[in-house]
Amino acid sequence: MSTAPTAASATSRTKDVLEDLEQVLLAFMRKHRITHEQYRFATQFLVDTVKQGEESLLYDVFFEAESTDIGNRTRTGSPEAIEGPFYLAGAPELQEPYVMPMRDGERGDVLFFVGKVRDVEGKPLAGAELDLWHADADGLYSNIHPNIPLWNLRARFKTDSNGNFEVRTIVPPPYEIPKDGPTGQVLKTMGRHFFRPAHLHVKVRHSELAEMTSQIYFLGGQYLDNDVANAVRDGLVATLECHDDESDMKSRGLGRPYYTVEYEFVLAPAH
Ligand SMILES: [Fe+2]
């Protein structure tokens, strides 16, 4: 017998969730004796958050990691991580050798992100697509922050016939999320800082398997233990290795030290 959710069961679940949410919020209002004035302040705050385009940022900072945790409890592939509010679909596809789109003289240490994509049985996946995006050396994202070319440090590329990939980019730094809007106001009121640890964002796709969204953090990096989005998890932290040996640098055609980080993505079966 099929266990796939039917339209009726999905509707019933939505009804259950909405009724529970209503009860939780009503209990919260009673507990904190929310007055009409405070209620109006809160609803206007949410309106202002939307007007300033921060609704995704506000919710993602506080709640997105919980949803990925819930999904990870039953996942068979490598762990997923939050997408965050800065993803853009349709990034350019790279041709080999893969180098992320960047400005002339893009600042930041050179990073080679290398790894493999496989299925849960261990079979390497040729032609899997990686969709990578991350911050520049100032901690800023293209198309989110002004004066950065649209697809800067955003691109898609594929694994080779052995399921391996390598792309050249720069090492992103920890960054502060936007702090001058409603999200910053909430965090400030709660006495929190605004930093996320350095990370790479990536989505991995394969035609026969479930798409996954991940983030790779760097072992020993700042803010791993107190990420403002509380999104760092075991299994997402990889070693950032510095290569400062002359012959190493020469073999890469570089006159300065560079870094590598390696990660293996395991795609779960499609739902
Ligand atoms: Fe990010």
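Guide: A residue is buried under 20% relative accessible area, exposed over 50% and partly exposed in between (1.4 Å probe, protein chains only). In this predicted model, local features need pLDDT of at least 70 and side-chain atom pairs 80 or more, while totals for chains, interfaces and linings use all residues. Numbering starts from 1 along each chain as its sequence is written, and side-chain values use heavy atoms, without hydrogens and water.

Visitor: Is Tyr 175 buried or exposed?

Guide: Tyr 175 counts as buried because its relative accessibility is 5%. His 199, at 1%, is buried as well.

Visitor: Which residues are the protein donors of the iron ion?

Guide: Donors are N, O and S atoms within 2.8 Å of the metal (3.2 Å for Na, K and Ca); water is not among the atoms, so sites may look incomplete. Here the OH atoms of Tyr 141 and Tyr 175 and the NE2 atoms of His 199 and His 201 lie 2.0 to 2.1 Å from the iron ion. Their spacing in sequence is Y-x33-Y-x23-H-x1-H. Tyr 175 belongs to strand S6 (residues 175-176) and His 199 to strand S8 (residues 199-206), so this pair ties together parts 24 residues apart in sequence. Strands (E, at least two residues) and helices (H or I, at least four) are DSSP runs, numbered from the N terminus.

Visitor: How many residues has helix H2, and what does it reach from its first C-alpha to its last?

Guide: The expected span is 1.5 Å times one less than the number of residues. Helix H2 (residues 36-51) has 16 residues and reaches 23 Å, close to the expected 22 Å. Just after H2, Gly 53 adopts a positive phi of about 70 degrees.
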